[in-house]
Amino acid sequence: MKRSDPPKSRKGPKRYERPRGQGARRLGELVPDIGRAAFRKFGFVQSSIVTRWPEIVGANHARTCQPERIRFARGRKDGGTLELVVLPAHAPMIQHVIPEIIERVNRFFGYNAVAQVKLRQGAVKAPVARPAAAPPSLKPVPVELGESLRDIGDPELRAVLEGLARGLGADKD
């Protein structure tokens with residue numbers, strides 16, 4: 001073999017090359033994936049059960065207990081065990097309302113996700129107080145719009161439409 005001959009190419013596995021041209025991703029796109037992985041690690045299929053716990057069980061029970069994790073049998077997503085942390089003095093009371101908690105959590109999920117509850121006594125963090133809703137505007141509803149809103153029976157819908165009417169009236173000023 002002479003020095004001027006090119007070396008023979010080796011046949012074997014190719015070297016891995018990272019795909020290129022995808023560009024940078026925004027942090028906001030990555031955060032849900034990171035949070036989802038962390039919640040699944042601790043047994044929460046949906047993170048909203050933690051964030052919406054006071055809505056699910058009510059403010060009184062949310063002050064005395066909070067979810068720690070939900071454990072499912074391998075390969076299943078129903079009939080799980082909800083593990084709750086309960087203030088020691090309130091454990092007997094929570095034990096009596098376990099069927100109600102199971103019903104409320106299953107109603108939240110939309111299927112029988114929880115079949116039993118396991119209690120653990122410990123410290124419970126106070127639920128985060130949500131800011132109070134802003135008071136309704138004191139501007140009167142325009143007369144031409146106010147009469148048509150009186151016929152609406154649903155008070156919540158009527159209040160939303162009145163707010164919209166006030167906003168439309170403010171644009172005219």
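A nonpolar core is defined here as a set of buried Ala, Val, Leu, Ile, Met, Phe, Trp, Tyr and Cys residues joined through side-chain atoms within 4.5 Å, where buried means under 20% relative accessible area, exposed over 50% and partly exposed in between (1.4 Å probe, protein chains only). The structure is a predicted model, in which local features need pLDDT of at least 70 and side-chain atom pairs count only at pLDDT 80 or more, while totals for chains, interfaces and linings use all residues. Residues are numbered from 1 along each chain as its sequence is written, and side-chain values use heavy atoms, with hydrogens and water left out.

The largest nonpolar core has 21 residues, and those with the most contacts inside it are Trp53, Leu82, Leu84, Ile101, Val105 and Val114. Two or more residues of this core are given by each of helix H3 (53-57), S1, S2, helix H5 (91-96), H6 and S3; helices (H or I, at least four residues) and strands (E, at least two) are DSSP runs numbered from the N terminus. H6 supplies the largest share, 5 residues. In soluble globular proteins, nonpolar side chains tend to be buried together.

An open sheet of mixed pairing is formed by 3 strands in the order S1-S2-S3, two strands being paired if DSSP finds at least two bridges between them. S1 and strand S3 (114-121) are the edge strands, each pairing on one side only. From one strand to the next, the twist averages 25 degrees; axes are lines fitted to C-alpha atoms, for helices over the stretch in contact, and angles run from 0 to 180 degrees between N-to-C directions. S1 and S2 run antiparallel and are joined by 6 bridges, with Leu84 in S2 as the bridge partner of Pro67. S2 and S3 pair in the parallel sense over 7 bridges, and Lys118 in S3 is the bridge partner of Glu83.

Strand S2 is largely enclosed by the rest of the structure, because 7 of its 7 residues are buried. Gly80, Leu82, Leu84 and Val86 lie on one side and Thr81, Glu83 and Val85 on the other. Leu84 touches residues including Trp53, Ile101 and Val117, contact meaning heavy atoms within 4.5 Å.

Arg76 is located in the loop between strand S1 (65-71) and strand S2 (80-86). Arg76 counts as partly exposed because its relative accessibility is 45%. The C-alpha atoms of Arg76 and Ala113 are 9.5 Å apart in space, although these residues are 37 apart in sequence.

Notes
Lists of a residue's contacts leave out its neighbours within four places in sequence.
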